[in-house]
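Take a first look at the model below. Then read on with it in view.

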Amino acid sequence: MKKTVIIGFLGTQLDGGKGSARWEKWRPSVALAQHEDLVVDRFELLYSTPAQALARQLKEDIGTVSPETVVQAHELPLRDAWDFEEVYGCLFDFARSYPFDTDKEDYWIHITTGTHVVQICLFLMTEARYFPGCLLQSSPPRRHGLGSPGEYTLIDLDLSRYDLIAQRFSHARTEGVELLKSGIATRNARFNRMIDEIEHVAVRSRAPMLLMGPTGAGKSFLARRIFELKKIRHQLNGRFVEINCATLHGDGAASTLFGHVKGAFTGAATERPGLLRTAHKGLLFLDEIGELGLDEQAMLLKAVEEKRFLPVGGDLEVQSDFQLIAGTNRNLAHEVAAGRFREDLFARINLWTYSLPSLAERPEDIEPNLDYLLEQAGVEIGQVARFNKESRAGFLRFATSPGARWKGNFRDLYASVTRMATLAEGGRITTSVADAEIGRLRQAWREPEAPGCGVVDLETLLGRERIAALDLFDRLQLEAVVAVCADCASLSDAGRKLFGVSRMDKAKPNDADRLKKYLARHGLAWDDVRGLRGLP
C-alpha cells in the first residue's frame, strides 16, 4: 500500500484559534487528520515566517487527533503571500528540492487554505507536475458543533483559464528547452522549432517518439536529454536504457531485449530479465530500430501496446511499463513498403516523429557547438584549450563552407575538436594546428568531384525536343547543376554548394529557394533530379 502524503499551506485565518475554543472550530488542516476513512501518513505543512507559532500549535493538534500522522513543518522565506512572483519562487524551490517518491507515496495537494495566490500557484504547479499528485479540496460540516471533520474531495481541474498566470512558468519551460540543447545557443530556426515542440511533447505525453536523422546527428544524445527532462518532472523513476539494434543478431536479439528463462536454449544457465524489464518505469531508447528483425518487431509491438510480453522460452508473461524512443537513419516508410519493417509497428511509433538535420544542414550552429565541444574535450584530456583569433576564424571559415561535408556529423566535429585540443601546445590552438586539421578532414572526406565532371542524362529529364531548344551554354550549365544535385542529400545542401561564394554577401541566404527557382525555369523539381547520375 502506498502512503498518503498531504502537502498544504497553513491558513492563518481558517487554521487559527486559541484555547479550548479552537476545538469547536472547523480548521481545515486539522480536520483532514480527523476523518475515520482517511489515514494520513505524513503532512507537509508549509508556512511563512510570521505564522511560526501557529504552525507549532497546528503540529501539536494534528498529533493529538492522529498520532500516526507525521507532521513536517517547512518555513518558507515568504514576505507577501499575495505576490505572485514571490509565492511562485518559494513553492518552486520547495518542489525542486523535495524528495518525491511516486512509487511508494501518493501526494495530495491541499488547496483550501492559504491566499488565493497560493492556491492558484499550487493549482498550476500540480498541473505542470512539479507537484506530482492530485488536488485536494476540503469543506466544513453542514452543521457546526457536532465534531464532524467536514468533507474532502480529490479533484482534477481544467486550468486553461489561468493561461495568463501560467506564463510565469515560461522560465521553467525555457530551462527544459535549454536542457534538451545542453545550453548550446543554437541559431538554426528549424532545429529550434523542433526542440521547442519536443519539450512540449516530452512533459505531456508518454507515447513513443521516433527520432530520424543521419548517423552522428545526435539522436542518442537527445533521447538521454529527454529522459533527464522527464526525470526532473517526476514522470519517470526508472533508468535510461539504450541499445543499438544493429548490434543485435540471431537468437540473441530476442533474449537481449525480452530476456529468457533458465534453460530456454543451450547455454541459458540462468534467467535473464532483458532490457525491456530493465527499463521498467524508465525510458528505453532503441537506436537504429530499422535493423531489428521482423519477429522481434512483432514482440516489441505487443510490449509497447500492452506493457507485457513473453520472455524467450517462457510460458508466463511479464510486465514492464516503459516509455519508448526509437532512432533510425533509414526511411521507415520505404522499409515498410519493401517488407523489411512491420507496418503496424511503424504506425505505433510514428505518432511523434522528428527528423534531426545533419550538421551540414545547420552551418550556423557549428560555431556555438564548437565552443561547447571544446569544453567537453578539455575535460576529457585534462587541459583547457582555446583558439587564437586567426585560427578560430580560419577553422570556422572552412567548417561552414560548402566543401565541409561533415559525413559523421557531430561525431566528426567532436573528433576534430578533440584532435586540435590534444595537439595544442600550452592550450593554444594555433593556425598551424587548425590548418593541419583542415587538411586531415579534407583527406578523410575525399573532397567531392568538381561540378559537371560526371555524366548526367538530361534527355531522360527533359526529352530530346526540349534539349534541342537549349543553347550549348544553358545545357552545360544545367548538366553541372543537376550533377551537383545528384550528389547531395537535400535541396539546401545542393544550394550551399552551388552558391557557396555569393551566399556570403547575403544577410539571409536562401540557397534552396534560389536553386528551386532555377530548376523551375527548366520545368524541373528537386524530386526529378535528386540521385539522378549516369555512369562516368
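The paragraphs below go from the whole chain to single residues.

This is a predicted model: local features need pLDDT of at least 70, side-chain atom pairs count only at pLDDT 80 or more, and totals for chains, interfaces and linings use all residues. Residues are numbered from 1 along each chain as its sequence is written, and side-chain values use heavy atoms, leaving out hydrogens and water.

Start with the overall form. The protein has 23 helices and 15 strands. Helices (H or I, at least four residues) and strands (E, at least two) are DSSP runs, numbered from the N terminus. The C-alpha trace spans about 105 × 60 × 55 Å along its principal axes. The radius of gyration is 31 Å, while a compact globule of 536 residues would have one near 24 Å. That radius is taken over C-alpha atoms, and the globule rule is 2.2 Å times the number of residues to the power 0.38.

How much of the protein is buried? Of its 536 residues, 48% count as buried. Buried means under 20% relative accessible area, exposed means over 50%, and partly exposed lies in between (1.4 Å probe, protein chains only).

Now go inside. A nonpolar core is a set of buried Ala, Val, Leu, Ile, Met, Phe, Trp, Tyr and Cys residues joined through side-chain atoms within 4.5 Å. The largest such core has 31 residues. Leu257, Leu276, Leu286, Ile289, Leu300 and Ile349 touch the most other members. Elements that give two or more residues to this core include β8 (240-244), α9 (251-258) and α11 (294-306). A second, separate core has 29 residues, among them Leu46, Val87, Val118 and Leu122.

Look again at Ile289. Not counting residues up to four places away in sequence, Ile289 touches several residues, including Cys245, Leu300, Phe341 and Ile349. Contact here means heavy atoms within 4.5 Å.

Next come two backbone exceptions. Most residues other than glycine have a negative phi. His234 has a positive phi of about 60° although it is not a glycine. His234 sits in the loop between α8 (219-232) and β8. Is His234 buried or exposed? His234 counts as buried because its relative accessibility is 17%. Lys307 also has a positive phi of about 60° and is not a glycine. Lys307 lies in the loop between α11 and β10 (308-309). At 25% relative accessibility, Lys307 counts as partly exposed.

Finish at Thr400, in the loop between α15 (389-399) and α16 (410-423). Thr400 touches Pro363 and Ile366, not counting residues up to four places away in sequence.
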